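Visitor: I have not looked at this one before. Could you take me through it, beginning with the surroundings of the ligand?

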Amino acid sequence: MRLVLLGPPGAGKGTQAQILVEKYGIPQLSTGDMLRAAVKAGTEVGLRAKAVMDAGELVSDEIVNAIVAERIDQPDCANGFILDGYPRTLAQADAVEAMLAERGLALDAAIELIVDDKALVGRIAKRAREAEAAGQPVRKDDNPEVFEERLREYYKKTAPLTGYYHAKGKLYRVDGMADIAAVTAEIERTLQTVRS
Ligand code: B4P
């Protein structure tokens, strides 16, 4: 199974992907996590990505496509994967189609988590408060001004992907406002439909 999780920042893509990894035994490919790891390791990609991420903007398609192309050839991706936070632009969507077609593969479904902006702002503020209370570093892009920029980037560059996948007959919409377990249950019901 090859899935894409779509939705605005804070919609719960990462949260759900981690749960689906356990249930389906396929890896989560989070471009956000891969980029944060590159920043932490101080690699060339990390150095280029850091300022962009801290400002709430999207890292270049070229960088992100390259890290995904390398990752999907790893042996643990042989039976499928969950793309979490990728693609985020139409150019990335075309790139993943091409990458998979070259390997004789295709995506099975794009699942969009629908959450309203007010709830998103609340979730991100809560994550920042909890990290602070636990003495952990707060993500720079979880501050309110940067989060607004992330939302603007989402509506401008990523939201058009729902039309892209709808046109391919691969878009499934899930209510992301419910609690975490209820969202997972709805995704699982959706995946049963996809597989039948
Ligand atoms: P990401 O790391 O992908 O972050 P995200 O979209 O904000 O998070 P997500 O939707 O996964 O929400 P989460 O589960 O964490 O991106 C960060 C940055 O990396 C981007 O801004 C960009 O700069 C760069 N980047 C990444 N991919 C890129 C790409 N392809 N191209 C270019 N740039 C890229 O959930 C958030 C919070 O909500 C958590 O605290 C969680 O506990 C809570 N939550 C989740 N589900 C909930 C629920 N149902 N109810 C209540 N709370 C819930």
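Guide: This is a predicted model. In it, the residues of the shell around the ligand divide into eleven nonpolar, ten polar and seven charged.

Visitor: Which residues come nearest to the ligand?

Guide: Pro 9, Gly 12, Gly 14, Gly 32 and Gly 85 come nearest, out of the 28 residues around the ligand.

Visitor: What does UniProt list for "binding site"?

Guide: The UniProt record, an unreviewed entry, lists Thr 31, Arg 36, Glu 57, Leu 58, Val 59, Gly 85, Tyr 86, Pro 87, Arg 88, Gln 92, Arg 139 and Arg 150 under that heading.

Visitor: Do they gather at one spot or lie apart?

Guide: They do not all gather at one spot, because they span 120 residues in sequence and the farthest two C-alpha atoms are 24.5 Å apart.

Visitor: Where is Glu 57 found?

Guide: Glu 57, one of the positions in the UniProt listing, is found in the loop between H3 and helix H4 (61-71).

Visitor: Let us turn to the helix packing. At what angle do H2 and H3 cross?

Guide: Helix H2 covers residues 31-41 and helix H3 covers residues 44-54; their axes cross at roughly 115° and come within 8 Å. The two helices are therefore roughly perpendicular to each other. H2 passes H3 in a left-handed crossing.

Visitor: Which residues meet there?

Guide: From H2 there are Leu 35, Ala 38, Val 39 and Ala 41, which meet Val 45, Gly 46, Ala 49, Lys 50 and Met 53 of H3. The residues of this contact divide into seven nonpolar, one polar and one charged.

Visitor: How do H6 and H7 pack?

Guide: H6 and helix H7 (residues 144-158) pack at an angle of about 140°, and their axes are 11 Å apart. H6 and H7 are therefore oblique to each other. H6 passes H7 in a right-handed crossing.

Visitor: Which residues make that contact?

Guide: H6 contributes Asp 117, Leu 120, Val 121, Ile 124 and Ala 125, while H7 contributes Pro 144, Phe 147 and Leu 151.

Methods: Residues numbered from 1 in each chain as written. Predicted model: local features only at pLDDT ≥ 70, side-chain atom pairs only at ≥ 80, totals over all residues. Axes fitted to C-alpha atoms, helices over the stretch in contact; angles between N-to-C directions. Helix = DSSP H or I, 4+ residues; strand = E, 2+ residues; numbered from the N terminus. Parallel < 35°, antiparallel > 145°, perpendicular 65-115°, else oblique. Left-handed = near helix turned anticlockwise from the far one by under 90°. Contact = placed C-beta atoms within 7 Å. Nonpolar A, V, L, I, M, F, W, Y, C, P; charged D, E, K, R; others polar. Near = placed C-beta within 6 Å. UniProt positions renumbered as here; feature names shortened; annotations may be inferred.
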